[in-house]
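I opened this one up to see who touches whom. My notes follow, in the order I looked things up.

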Amino acid sequence: MKGKILKRAFIDTLPVLSGYMVLGIGFGIVLERNGYGVMWAFLMSLLIYAGSMQYAGIELLAGAASLPAVALTTLMVNARHLFYGISMIDKYKGAGAKKPYMIFALTDETYSLVCYTKYETEKERHFYSFWVSLFDQCYWVTGSVLGSVIGSALPFDTAGIEFSMTALFVTVFVEQWISTKNHISAVCGLLASVVCLAIFGKDSFLIPSMIAILVILTLIRKKVACDE
Amino acid sequence: MNNAYALSAILVMAAVTALLRFFPFLVMGNKKTPAYVEYLGKVLPYAVMAMLVVYCLREIDFTHMPFGLCEFVSVLLVIGVHVWKRNTLLSIVIGTICYMVLIRIV
């Protein structure tokens, strides 16, 4: 049984493998160009483990940003993780010793794989989620170390392969869409994000979007509850 | 380059990120999850996934050629293939290849 779940976890994370390798290698290359070698890449991917934040982190390090500024930027860029936590509270209940790591390693991509239930029992679900989390971080650390070491010596042009990450999110979105009759939440998330992107611009629309989503979902709570 | 500064900046980033990830779990603890949070846990994933897709596409420039054509065609292809076959890996591989080809010819 465990072998079967492990295999499923590995196959499910293959898209993340390709995405994290490319994004991780990219991160390693840029970090190395800024004067921080392989140990730094390893350390950041091991301890921070948040893709877009690590890219932003390079800018902060290069600009010698003050520590409060570093903290505030991290807060803004990663605020969406609060969302993931809220929606996983019930699903990660009773995960025991694995739970702290599962929470620590809850990235966008890991979340997209563990947020909808694939297994009946809690035990199977936690086992699956734990291994998805661990596989994903291994890919990310490997990618960033690789990028730092081989640098720009890559023999082929990989431009565009980072689209695999977008494609992963789109498939999860479609999968969720098909699996439920109630599309209010999905439509609300889409509209709120697009409107906020148009108003606030690409660098600062995430937090307004999250607030808008929370407000709308709270307001329509009764309606959604009635539909179910 | 100052190693002590870099190390402390990295530790700050790591601490804040971890705090954000642990916060909901620490606040809710082992208490019975309130109905409102349970509701959010149920509906948020749909909204968040939509937000993440928009986030991934945020760099598209609608004022210049090719107006995000590569992205939109590839996303539509991913949706189409996924509705048709329901195979995540297949949808992603086809969509990504399409995107990589398009950005080289458009």
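**Entry 1: one alanine.** I started with B:Ala47 and listed its contacts, skipping residues up to four places away in sequence. It touches A:Ser185, A:Ala186, A:Cys188, A:Gly189, A:Ile213 and A:Leu217. Contact here means that the C-beta atoms of two residues, placed from the backbone, lie within 7 Å.

**Entry 2: ground rules.** This is a predicted model, so I note that local features need pLDDT of at least 70 and side-chain atom pairs count only at pLDDT 80 or more, while totals for chains, interfaces and linings use all residues. Residues are numbered from 1 along each chain as its sequence is written, and chains are lettered from A and ligands numbered from 1 in the order in which they are written.

**Entry 3: the core.** Which residues have the most contacts inside the largest nonpolar core? I found A:Phe169, B:Met13, B:Ala47, B:Met49, B:Ala50 and B:Val53, in a core of 96 residues. Helix H2 of chain B (residues 35-56) gives the largest share of this core, 14 residues. A nonpolar core is a set of buried Ala, Val, Leu, Ile, Met, Phe, Trp, Tyr and Cys residues joined through C-beta atoms within 7 Å. Buried means 20 or more other C-beta atoms within 10 Å of the residue's own, exposed means 12 or fewer, and partly exposed is in between.

**Entry 4: where the chains meet.** I looked up the whole interface: 57 residues of chain B are in contact with 68 residues of chain A. H2(B) again gives the largest share of chain B's side, 19 residues.

**Entry 5: helix H1 of chain B.** H1(B) runs over residues 3-28, and I get 38 Å from its first C-alpha to its last, close to the 38 Å expected. The expected span is 1.5 Å times one less than the number of residues. Helices are DSSP runs (H or I, at least four residues; strands are E, at least two), numbered from the N terminus. I found a kink of about 45 degrees at B:Phe22, shortly before B:Pro24. That bend is the angle between axes fitted to the seven residues ending there and the seven starting there. Buried residues of H1(B) include B:Met13, B:Leu20 and B:Pro24. Their cover includes helices H3, H4, H5, H6 and H7 of chain A.

**Entry 6: a cysteine in a loop.** Is A:Cys115 buried or exposed? A:Cys115 is buried, because 21 other C-beta atoms lie within 10 Å. It sits in the loop between helix H8 (108-114) and helix H9 (122-150) of chain A. Leaving aside neighbours within four places in sequence, I see A:Cys115 in contact with A:Ser87 and B:Pro45.

**Entry 7: a phenylalanine.** I checked B:Phe72 too, which lies in helix H3 of chain B. It counts as partly exposed, because it has 14 C-beta neighbours inside 10 Å.

**Entry 8: chain A overall.** I count 13 helices and zero strands in chain A. Buried residues make up 45% of its 228 residues. Its C-alpha trace spans about 55 × 50 × 35 Å along the principal axes.
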